[in-house]
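Please look through the structure below before reading the notes.

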Amino acid sequence: MKGMSGRIIGDAEHFTFEERIFNFVILLGICMTAFGTIMDLYYRADILIDLSFVGCWILTYYLSRVRGYFNVVSVVSMGVFVFAFFPYNWIVSNGSNGSMPYYAIIFIAFVSIVLSGRFRIVMVVSMLAVELLLICRDAYYSGSLAVGNDKYVSLLDLPIHMLVIMLTMAVLIIVYSNTYMKEKARSEAYARTIEEYYRQQLYYMENLESLIYKLKSERHDFNNHLGVIYGLLEGGETKQARGYVKQQVKTAEEYRNLVNIPYSMVRAMLNYKLSAARDSKIELRLDISVPEALELNEFDLTVILGNLLDNAIEACAALGENSRYIGLSLLYKPDYLVIQVENPSTGEALIQEGKVRSSKSDPASHGFGLRTVEYLAEKHDGFVKIEPGIDVFKVSVAVLVEPMQ
C-alpha cells in the first residue's frame with residue numbers, strides 16, 4: 001500500500017509533504033471534475049468547461065508528479081483554482097444554497113497547507129475576497145431566504161459565518177505550519193550535522209589502512225636511505241652523501257604537518273583534508289592563526305571546515321591542474337573565529353532568496369553541506385556570507401567564541 005502511494009503521489013524521500021498533499025488533491029480534483037462531467041453529460045448539460053478543467057488538472061498532475069515542476073505548477077494552478085474553478089462551481093451549484101460554501105472550508109485548508117510565504121497570504125486573501133464577492137452576488141440576485149412562517153434569515157448569515165471559519169482556519173494553519181517547518185528545518189539540519197560528522201569519521205577509518213601501509217613503506221624506505229648514506233660515507237664520498245641527505249630533508253619537509261594549531265581534532269582534520277588536496281595537485285594558500293585557550297566546539301568546527309574543504313576540493317577536481325587552488329584563512333578576531341575558504345568558480349552554486357542553491361542537474365541532492373554550515377553558524381550566534389563570483393567562489397563564516405576563563 002505504501003509503495004503504491006509512493007508511485008501515485010510521490011515518496012517521502014524525493015517529495016516534500018506539501019508536494020505529496022498537492023499531488024493527492026489534484027488527483028482527487030481530477031476524479032471529482034470527471035464525475036461532474038459525466039453527470040452533466042447524463043443531464044445533457046454543457047460539458048466544455050468541465051472538460052477544460054479536467055484537462056487542466058491532468059496537466060497539473062503530470063507536471064508536478066512526473067516532471068517535478070511543483071514550484072511553478074502550484075503557483076499557476078492555485079491562480080486557476082481561486083479565480084476560475086472555485087467561482088465557476090459556486091455559480092453552477094446554486095451559489096450560497098449549494099455545497100460549495102462547505103467545500104470552501106476544505107479548499108482554504110488545502111491552499112494554506114500547500115503554499116508558503118507571501119504567495120500563500122496572497123492566495124488566501126484572494127480566495128476569501130472571491131467568496132465574499134460571490135456571496136454579495138447571491139444576495140444581490142436572490143434577496144433573502146424565507147424560513148418558516150414569519151421568520152426570515154438573511155442569505156448572508158451562513159456564508160459569512162463560513163467566511164469567518166475559513167479565515168480562522170487559515171490563520172491557525174499558517175501559524176502552525178510556519179512553526180512546524182522551522183522546527184523541521186532545525187531537526188533536519190542537526191541530523192545532517194551528525195551524519196556529516198560520522199561520514200567524515202568513516203572516511204578517516206576507511207583510509208586508516210592505507211595510512212598504516214604508507215607509514216610502513218616510509219619506514220622501509222628510511223632504512224634503505226640509511227643504507228645508501230652509510231655506503232657513501234664508507235666510500236669517502238661525503239659530497240654525494242651531503243647532497244643525498246639534503247634531498248631527503250627537503251622531501252621530509254614537504255610531508256610535515258601543513259597546519260599546526262593547538263586543537264587536536266581540528267588540526268588532524270585540516271592536515272588530512274589539505275594533504276589530500278595537495279596530493280591532487282591543488283595549490284594551497286593558507287593563512288591560519290588560532291590562539292590557545294579558546295572555548296571552541298571542535299565537533300562543530302570540524303564539520304564546518306570539512307564541508308567547506310570538501311566543496312572546494314570537488315570544485316577544483318572539475319578544473320584543469322593549472323587553475324586549481326584552495327585559499328583557507330582561519331583567524332581569531334575577538335570575539336569571533338573567522339573562516340574563509342576560496343576556490344575557482346565552476347558555477348555550481350547560486351544565491352536565490354538569500355539562500356544557497358546548487359545549479360547542478362540534480363540540485364535536490366546537493367547543497368546540504370552549505371546548509372549544514374549555515375545551521376552551525378547560526379547555532380553559535382554567527383553568520384555565513386557566500387560570494388559566488390564569476391571566477392571565484394568564496395565562503396566566509398564567523399562563529400562566536402570566547403576565551404577560557
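Phe 53 and Trp 57 both belong to helix 3 (residues 48-66), where four residues, about one turn of the helix, separate them. Helices (H or I, at least four residues) and strands (E, at least two) are DSSP runs, numbered from the N terminus. This is a predicted model, in which local features need pLDDT of at least 70 and side-chain atom pairs count only at pLDDT 80 or more, while totals for chains, interfaces and linings use all residues. Residues are numbered from 1 along each chain as its sequence is written, and side-chain values use heavy atoms, with hydrogens and water left out.

**The chain as a whole**

- The chain has 11 helices and nine strands.
- Of the 405 residues in the chain, 36% are buried. Buried means under 20% relative accessible area, exposed means over 50%, and partly exposed is in between (1.4 Å probe, protein chains only).
- Among contacts in the chain with a separation of 6 or more, 66% are between residues 24 or more positions apart. Contact means heavy atoms within 4.5 Å.

**Aromatic rings**

- A pair of aromatic rings is described by the distance of the centres and the angle of the planes.
- Rings of Phe, Tyr and Trp (its six-membered ring) pair if their centres lie within 6.5 Å; planes under 30 degrees apart count as stacked, over 60 as edge-to-face and the rest as tilted.
- By this rule there are 12 aromatic pairs. Phe 53 and Trp 57 form a stacked one, with 6.3 Å centre to centre and 15° between the planes.
- Phe 53 counts as buried because its relative accessible area is 8%. Trp 57 is also buried, because its relative accessibility is 5%.
- Trp 57 pairs with Phe 85 too, edge-to-face, at 5.4 Å centre to centre and 80° between the planes. This pair links distant parts of the chain, since Trp 57 is in helix 3 and Phe 85 is in helix 4 (residues 70-92), 28 residues apart.
- Both Trp 57 and Phe 85 are buried.
- Ring pairs join a cluster that includes Phe 22, Phe 53, Trp 57, Phe 85, Trp 90 and Tyr 103.

**The sheet**

- Strands of a sheet pair through backbone hydrogen bonds, either parallel or antiparallel. Two strands count as paired here if DSSP finds at least two bridges between them.
- Five strands form an open sheet in the order 3-4-5-9-8, with mixed pairing. Its edge strands, strand 3 and strand 8 (383-388), each pair on one side only.
- Neighbouring strands of this sheet are turned by 10° against each other on average, direction ignored. Axes are lines fitted to C-alpha atoms, for helices over the stretch in contact, and angles run from 0 to 180 degrees between N-to-C directions.
- Strand 5 (residues 336-344) and strand 9 (residues 392-400) run antiparallel and are joined by nine bridges. Gln 340 has Ser 396 in strand 9 as its bridge partner.
- Helix 10 packs on the sheet and touches strand 4, strand 5 and strand 9; its direction makes about 10° with that of strand 5.
- Strand 3 (residues 283-289) and strand 4 (residues 325-333) pair in the parallel sense over seven bridges. Asp 287 stands opposite Ser 329 in strand 4.

**Single residues**

- Ser 112 lies in helix 5 (residues 100-114). Ser 112 counts as buried because its relative accessibility is 0%.
- Not counting residues up to four places away in sequence, Ser 112 touches Arg 120, Val 124, Ala 170, Ile 173 and Ile 174.
- Leu 133 is in helix 6 (residues 117-142). Leu 133 is exposed because its relative accessibility is 61%.

**Backbone details in loops**

- Pro 334 and Asp 335 are joined by a cis peptide bond, with omega about 0°. Asp 335 is in the loop between strand 4 and strand 5.
- Ala 293 has phi near 60°, a positive value in a residue other than glycine. The loop between strand 3 and helix 10 holds Ala 293, which is partly exposed at 41% relative accessibility.
- Asp 381 has a positive phi near 55° and is likewise a residue other than glycine. Asp 381 is in the loop between helix 11 (368-379) and strand 8, and is exposed, with a relative accessible area of 53%.
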